[in-house]
Amino acid sequence: MGVRLMVVDDHRLLAEALASALKLRGHRVLAAAAPSAGAADLVVSRAPEVCLLGTAAPAQPGAFDPVVRIKKERPQVSVVVLGPVPSPRGIAAAFAAGASGYVRNDERIEGVERAMMKARAGESAVSPQLLQQAFEELLHPAAQPDDEGARLLELLTPREVEVLMRVADGEDTRLIAAGMDIAPSTARTHVQRVLMKLEVGSRLEAAALAARTGLLDRAGGGGGGGGRAARKAGPEAGGEAGPGDPPPSE
């Protein structure tokens, strides 16, 4: 018996190709669309048995927000995520959001169909190979904390590193601005850029991430004031911004 389903993917052509292949195998495809702010609304309004939800970045914050919305308003809809080989955290995030399965986006149509059938039957749909890869990464992580710290450090400008170290020291916007001779609005902009680049939601999370990954040690200050003073005096600081200066473009 065919499955009543919807296909939602970042790439409309891929969604339509997958939908066409599934139609040929006897399934009823209600819609094939590219995800957007209204993707969850579409699934909720059509109420398929199964939704195939494509994602290009399963580790990205908010990647599975549509799953949460769908399961909240249409708990009977089984969601199967189609994505790249994820980290163990990516698989866990998908299931925590309410997904019934995770299938690689390069899986053969037979594998996608099996996952759909299992999800509709109320079973978890993850291939043994994908689980094995996830456990392998857990047992033998590819990146050590220092490696992650180096990667994060490359995302930040020297001034943003100084801001992060001041945040880790517990300085608020006023103290950061006074210590760096910049306007509070400029300091606030720097802090927001740091949070955005580190993909965290608060100053506390930024400080915890910097400490956990060794970013502060790599920055040369170990979280202390000496490192900040050295960078502030260095030529790469690009001079001191005056209180009236606009936020830097770096």
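**Figure 1. Contacts across the whole chain.** In the protein chain, 70% of the contacts with a separation of 6 or more come from residues 24 or more positions apart. The model is predicted. Its protein chain holds 13 helices and 6 strands. There are 250 residues, and 42% of them count as buried.

**Figure 2. The open sheet of 6 strands.** The strands follow the order β2-β1-β3-β4-β5-β6. Their pairing is parallel. Strands of a sheet pair through backbone hydrogen bonds. Two strands stand at the edges: β2 (28-33) and β6 (125-126). Each has a single partner strand, so one side of each is left without a neighbour in the sheet.

**Figure 3. Strand β1 beside strand β2.** Strand β1 covers residues 4-8. It pairs with β2 in the parallel sense. The pairing runs over 5 bridges. Look for Arg4: its bridge partner in β2 is Arg28. In the sheet order, β1 sits between β2 and β3.

**Figure 4. Helix α3 over the sheet.** Helix α3 spans residues 65-73. It lies across two strands, β3 (50-54) and β4 (78-83). Against β4, helix α3 runs at about 170 degrees. In the sheet order, β3 and β4 are next to each other.

**Figure 5. Helices α9 and α10 where they cross.** Two packed helices are described by the angle between their axes and the distance between the axes. Here α9 is residues 173-180, and α10 is residues 184-198. Their axes come within 8 Å. They cross at roughly 110 degrees. Helices α9 and α10 are therefore roughly perpendicular to each other. From α9, the contact involves Thr173, Ile176 and Ala177. From α10, Pro184, Ala187, Arg188 and Val191 meet them. The residues of this contact divide into 5 nonpolar, 1 polar and 1 charged.

Figure 6. Ser100 is found in the loop between α4 (88-97) and β5 (101-104). Its relative accessible area is 15%. The cut-off for buried is under 20%, so Ser100 counts as buried. Which residues is Ser100 in contact with, leaving aside its neighbours within four places in sequence? They are Ser78, Val79, Phe95, Ala119, Glu123, Ser124 and Ala125.

Notes:
Residues are numbered from 1 along each chain as its sequence is written. This is a predicted model: local features need pLDDT of at least 70, side-chain atom pairs count only at pLDDT 80 or more; totals for chains, interfaces and linings use all residues. Side-chain values use heavy atoms; hydrogens and water are left out. Helices (H or I, at least four residues) and strands (E, at least two) are DSSP runs, numbered from the N terminus. Buried means under 20% relative accessible area, exposed over 50%, partly exposed in between (1.4 Å probe, protein chains only). Contact means heavy atoms within 4.5 Å. Two strands pair if DSSP finds at least two bridges between them. Axes are lines fitted to C-alpha atoms, for helices over the stretch in contact, and angles run from 0 to 180 degrees between N-to-C directions. Angles under 35 degrees count as roughly parallel, over 145 as roughly antiparallel, 65 to 115 as roughly perpendicular and the rest as oblique. Ala, Val, Leu, Ile, Met, Phe, Trp, Tyr, Cys and Pro count as nonpolar, Asp, Glu, Lys and Arg as charged, and the others, Gly among them, as polar.
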